[in-house]
Amino acid sequence: MKISILAAAAALMAGACSAQAANIEFWYGNTGPVETAIKAQCDAFNAAQTQHKVNCVGQGSYEVSMQKAIAAYRAKNHPVLIQFFDAGTLDLMLSNAVVPVQEILPDVKWDSYIAGARAYYETSGGKLFAQPYNASTLLFYTNKTELEKAGITQTPTTWEEVIDAARKLKAGGHACPFVTDGDTWRVLEQFSARHGLPIASKHNGYDGLDAEYVFNTTFVAKHLQNLVDWRKEGLVKLNADTKAGNYTAAFNAGECAMMEGSSGSYAASTKAFDGKYQLTVNMAPMYKGYERHNTLVGGASIYVMKGHDQAQVEGAKAFLDFLRKPEQQMAFTAATGYVPVTNDVLEAINKSGDAKAAKYATAAIGIESMNQPPTADSRGIRLGFYVQFREIFVEETQKAYGGQQTMQVSLDKAKKRGDELLRRFEQTYKGVKLP
Amino acid sequence: MTSESTLFSNRWLPILLVAPFMLLIVLFFYVPIFQAFYWSFFLEQPFGGGSMFVGFDNFARVLSDREFWQAGWRTIIFMVTASSLAVLIPLILAVAADRKIRLSLPARNVLVWPKGVAGASIGVVFAFIFNPFVGILAPLNSISPGIWAPGLDGLDAFITLIAAHVWGGIPFNFVILLAGLQSIPRTMHQAAAMDGAGPWRRIFDVQLPLIMPQLFLTLVLEFTESVTSAFALIDTITKGGPGGATTLLVYKIYVDGFSGYDLSGASTQTAILMVFVILLTAAQFLFLGRRINYER
């Protein structure tokens with residue numbers, strides 16, 4: 001008798017609690033202006049309602065955030081919401097540690113997300129696994145002032161034109177015409193996607209865990225060899241060649257005239273250029289003779305982690321709903337340069353009368369770039385342990401830039417090491433089907 | 001019985017006194033090590049939820065991986081060059097500071113200061129000092145562009161690491177060696193001098209043989225420490241690059257485990273590295289330690 005009363009009381013308490021406020025935690029990895037914008041959103045959420053309270057914790061980088069999430073999940077001390085970057089998509093999908101957002105929020109109009117963003121994060125059944133948050137894509141940045149000084153009035157749109165412009169800049173005494181860091185996302189993933197080239201078989205892993213890397217046999221090998229040659233010619237510079245030591249810093253300081261970079265660094269560039277130079281952003285350059293396809297959605301998305309009570313999940317849902325609001329997305333875009341990836345936000349921007357304003361410059365171009373005609377190989381990347389592959393790719397290609405081996409040898413080695421990762425991933429998740 | 005047991009009349013007291021420290025060691029040393037050895041026989045999913053016993057498969061995979069051996073060789077090269085220099089340079093400084101020369105007293109003081117600087121901070125500072133555009137070697141590049149490029153040339157990056165490691169190792173080794181030198185009775189110097197031995201002769205025939213125990217200690221500690229302590233420097237200066245040229249085993253383990261989520265592979269490499277360090281130290285004691293005369 002007594003026990004049943006206690007049980008009833010406990011049940012009542014639990015019921016009462018679930019309706020009550022929940023304190024939820026959200027982990028993110030960004031720093032700088034983006035972190036400021038994230039914090040502003042958290043504060044706005046806490047101010048806008050009293051039922052839930054979100055505690056946003058910066059972890060310093062996407063990688064660190066993920067490391068801590070793994071440790072925390074094993075210790076059952078993990079946050080309910082975590083932001084994670086594009087490369088870890090498959091690792092998280094198979095982790096059994098997250099719930100697909102579309103499953104816990106079935107009534108949201110997920111179709112309003114542009115196809116490019118959906119394709120990257122959705123299951124084979126078309127359900128979104130994560131809510132895109134700070135979406136970005138690759139853009140081509142030019143320092144218009146410097147280009148005009150060298151007599152270039154038209155912003156280059158093809159690689160051939162980029163290199164012509166670089167030669168002119170160099171002839172005019174410019175020390176750093178074009179800068180990149182040779183990062184996997186920029187030179188392999190976005191390049192392959194928009195040129196319609198596969199990175200791995202099985203449509204970059206979408207059709208099964210038994211995919212193999214193929215990038216060493218595609219046109220991207222030629223492009224990377226070109227980068228090596230252009231660097232020898234003094235047209236292309238890498239991080240270590242610049243005084244600033246980092247490609248975006250070198251571009252922002254005016255040291256370099258052109259760069260391929262994430263839309264997410266747009267805010268930092270405009271701020272640095274203010275009053276000194278004129279900034280232009282365009283879609284990333286193509287090689288002549290190739291049809292333009294979509295660039296991939298980069299940046300990061302938010303996942304809901306398993307193992308939390310109903311009240312916490314309700315809080316998480318409320319926060320995700322809040323972040324999806326057009327005015328929130330617009331403010332975030334204006335503050336950072338990240339691209340809003342829902343159609344209703346684009347409409348809202350167009351209606352706002354500010355559509356042509358600099359703060360929304362990346363939105364229009366970014367969406368245009370991600371909305372180019374897709375191929376089966378430009379949906380995204382669904383390869384296991386891909387975060388580690390990115391590092392292997394950088395390590396091997398650095399050897400080619402340093403002259404220790406040819407680019408083809410680098411790519412062949414990267415493919416071999418990458419395939420070993422894929423086989424180990426397959427073995428680690430033996431018997432698991434792609435969702 | 002033995003003299004130790006008479007020191008404490010209560011049998012539990014010594015155990016109680018040691019217990020807190022032992023607890024920490026067990027918690028933060030033996031448990032993780034056990035975990036690493038355990039995982040090295042499993043294929044472990046990053047978020048848990050599924051692990052599969054694979055026997056010695058992980059060891060076979062790691063030992064047949066060229067990257068592992070390359071990182072291993074780099075570790076050995078770093079260990080030998082960096083730790084010899086990290087003992088040799090403090091030795092020279094200690095011998096100099098031991099002599100009654102001007103400024104030897106302030107030097108003894110100043111040389112201990114770097115001990116208070118964390119490895120990561122040393123890394124940040126050295127990355128700046130050896131920066132090819134603004135660092136001390138920048139003039140080299142204005143003479144011949146590209147000659148000093150730690151961001152592109154693996155050898156330059158390796159040299160930067162060694163310099164930073166040696167600098168960080170100076171204080172501790174300096175203190176130990178100087179203490180050894182100072183404990184040599186002055187009468188020995190005087191006797192040798194009376195016999196006609198010059199300063200150089202006295203260093204090689206009197207001082208060095210008499211500080212062998214200290215030299216041995218610093219060498220053993222340096223060799224074992226250089227294997228792991230390079231981590232903070234690599235993480236702040238080179239991130240293992242360029243092209244993996246400074247990826248020592250300890251950094252590879254970190255990258256594999258924490259950015260590659262390869263918990264099994266990282267554990268296996270940890271196990272191998274630990275066995276290597278134990279064997280190395282044992283060999284040092286076996287072959288070098290025996291020859292050292294601790295009597296004076």
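Reader: What percentage of the 435 residues of chain A count as buried?

Author: This is a predicted model, in which local features need pLDDT of at least 70 and side-chain atom pairs count only at pLDDT 80 or more, while totals for chains, interfaces and linings use all residues. Residues are numbered from 1 along each chain as its sequence is written, and chains are lettered from A and ligands numbered from 1 in the order in which they are written. A residue is buried if 20 or more other C-beta atoms, placed from the backbone, lie within 10 Å of its own, exposed if 12 or fewer do, and partly exposed in between. By that count, the buried part of the 435 residues of chain A is 52%.

Reader: What is the radius of gyration of chain A?

Author: Chain A has 19 helices and 11 strands, where helices (H or I, at least four residues) and strands (E, at least two) are DSSP runs numbered from the N terminus. The radius of gyration is taken over C-alpha atoms, and the globule rule is 2.2 Å times the number of residues to the power 0.38. For 435 residues that rule gives 22 Å, and the value for chain A is close to it, so chain A is as compact as a globular protein of that length, with a radius of gyration of 23 Å.

Reader: How many Å separate the centres of domain 1 and domain 2 of chain A?

Author: The domain assignment of chain A gives domain 1 (25–136 + 297–370) and domain 2 (138–294 + 384–428), with bounds that come from an automatic or database domain assignment. Taken over C-alpha atoms, the separation of the two centres is 26 Å.

Reader: Which element gives the most to the side of domain 1 of chain A that touches domain 2 of chain A?

Author: Two residues are in contact if their C-beta atoms, placed from the backbone, lie within 7 Å, and the contact between these domains takes 25 residues from domain 1 and 19 residues from domain 2 of chain A. The domain 1 side has 11 nonpolar, 12 polar and 2 charged residues, where Ala, Val, Leu, Ile, Met, Phe, Trp, Tyr, Cys and Pro count as nonpolar, Asp, Glu, Lys and Arg as charged, and the others, Gly among them, as polar. Elements that each supply at least two residues to it include α2 (33–48), β5 (131–136) and α17 (361–370) of chain A. With 7 residues, the element that gives the most is α17(A).

Reader: How many of the 10 residues of α17(A) are buried?

Author: The buried residues of α17(A) include A:A361, A:T362 and A:I365, and what covers the buried residues includes α6 (115–121), β6 (138–143) and β10 of chain A. The helix is mostly covered, and its buried residues number 8.

Reader: Why does A:V281 count as buried?

Author: A:V281 lies in strand β10 (residues 279–283) of chain A, and, leaving aside its neighbours within four places in sequence, A:V281 is in contact with residues including A:F140, A:A361, A:T362 and A:I365. A:V281 and A:F140 are 141 residues apart in sequence, yet 5.5 Å apart in space, C-alpha to C-alpha. A:V281 counts as buried because its C-beta neighbours inside 10 Å number 21.

Reader: How many C-beta neighbours does A:G299 have inside 10 Å?

Author: A:G299 is found in strand β11 (residues 298–305) of chain A. Not counting residues up to four places away in sequence, A:G299 touches A:D86, A:N134, A:A135, A:S136, A:G264 and A:Y338. A:G299 counts as buried, and its C-beta neighbours inside 10 Å number 24.

Reader: Which element provides the largest share of the side of chain A that touches chain B?

Author: In this pairing, 25 residues of chain A are in contact with 21 residues of chain B. The elements that give two or more residues to the chain A side are α3 (62–74), α18 (386–401) and α19 (407–428) of chain A. The largest share, 7 residues, comes from α18(A).
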